[in-house]
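Subject: Structure handover

Hello,

The structure is below, with my notes after it. Please read them with the model open.

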Amino acid sequence: ENFFANYWEKQPLLIKRNDPKYYDDLFSKAALLDLVANDGYRDFVVKKFDEQQGVKVDYTKPCTKASTLEKVWDQGWTVQVIQPQRVVSVIADLLRGLEELFQCTVGSNAYLTPAKTQGLAPHWDDIEAMIVHL
């Protein structure tokens, strides 16, 4: 009730957890690499923001092995996982709860971005967005 009365479409809500491992079971680079290596998962794109040009750059070489994906990630590329709820049950459960609460369809993307890098160009979205920063 507090969320809808005081925050929903009124102001941002920031919740800081004192436990850095609070969301560890939600999704991780290790989980993605496991999906790629063991299940042949390919529903992701690799990109980064080029600060000098001010644009997003897509990685265009094949990236079908976990070792290749980890290498490009180590080089500063962001991995955008498209609708991870399709293969990660804890995310699917979370989205089902949000759909029940908000009475609408909820989707997700996961962005795995190396420290001190930027995966996307500065932008705004014309959707209602909730961000979980892991």
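The side chains of Thr-78 and Thr-113 are joined by a polar contact of 2.9 Å. A polar contact here is a pair of N or O atoms within 3.5 Å; within protein, one must be able to donate a hydrogen and the other to accept it, and residues adjacent in sequence count only if both atoms are side-chain atoms. Thr-78 sits in strand 3. Thr-78 counts as buried because its relative accessibility is 0%. (Buried means under 20% relative accessible area, exposed over 50%, partly exposed in between, with a 1.4 Å probe and protein chains only.) Leaving aside neighbours within four places in sequence, Thr-78 is in contact with Val-45, Val-46, Lys-47, Tyr-111, Leu-112, Thr-113, Pro-114, Gln-118 and Gly-119. Contact means heavy atoms within 4.5 Å.

This is a predicted model: local features need pLDDT of at least 70, side-chain atom pairs count only at pLDDT 80 or more, and totals for chains, interfaces and linings use all residues. Residues are numbered from 1 along each chain as its sequence is written, and side-chain values use heavy atoms, with hydrogens and water left out.

**Gln-118**

One of the Thr-78 contacts is Gln-118. Gln-118 lies in the segment after strand 4. Its relative accessible area is 32%, so Gln-118 is partly exposed. Gln-118 and Lys-56 are 62 residues apart along the chain; their C-alpha atoms are separated by 9.5 Å.

**Overall layout**

The protein chain has four helices and four strands. Helices (H or I, at least four residues) and strands (E, at least two) are DSSP runs, numbered from the N terminus. Along the sequence the pattern is α-α-β-β-α-β-α-β. The C-alpha atoms fill a box of roughly 45 × 35 × 30 Å, taken along the principal axes. Of the 134 residues, 27% count as buried. Among contacts with a separation of 6 or more, 69% are between residues 24 or more positions apart. The chain exposes about 10000 Å², and carbon and sulfur atoms supply 50% of that. Accessible areas come from the Shrake-Rupley method with a 1.4 Å probe; for residues, only the protein chains shown count as cover.

**Strand pairing**

Which strands pair with strand 1 (residues 44-50)? Strand 3 is one partner: four bridges, antiparallel. Val-45 stands opposite Gln-80 there. Strand 2 (residues 55-58) is another: four bridges, antiparallel. Phe-49 stands opposite Lys-56 in that pairing. Strands pair here if DSSP finds at least two bridges between them. Strands 1 and 2 form a hairpin with four residues between them, and Gly-54 in the turn has a positive phi of about 70°.

Strand 3 (residues 78-82) also pairs with strand 4, again antiparallel over four bridges. Val-79 has Leu-112 as its bridge partner in strand 4. Strand 4 (residues 109-112) has a covered face, Ala-110 and Leu-112, and an uncovered face, Asn-109 and Tyr-111. In a regular strand, side chains alternate between the two faces of the sheet.

**Core**

The largest nonpolar core has 25 residues. Such a core is a set of buried Ala, Val, Leu, Ile, Met, Phe, Trp, Tyr and Cys residues joined through side-chain atoms within 4.5 Å. Those with the most contacts inside it are Phe-27, Leu-32, Phe-44, Val-46, Leu-69, Val-79 and Val-81. Helix 2, strand 1, helix 3 (66-74), strand 3, helix 4 (89-102) and strand 4 each give two or more residues to it. Leu-32 touches Phe-27, Tyr-41, Leu-69, Val-79, Val-81 and Leu-112, not counting residues up to four places away in sequence.

**Two positive phi values to check**

Most residues other than glycine have a negative phi. Glu-9 is not a glycine, yet its phi is positive, about 60°. Glu-9 is in the loop between helix 1 (2-6) and helix 2 (29-39). At 61% relative accessibility, Glu-9 counts as exposed. Lys-116 is not a glycine either, and its phi is positive at about 65°. Lys-116 is in the segment after strand 4. Its relative accessibility is 87%, so Lys-116 counts as exposed.

Best wishes
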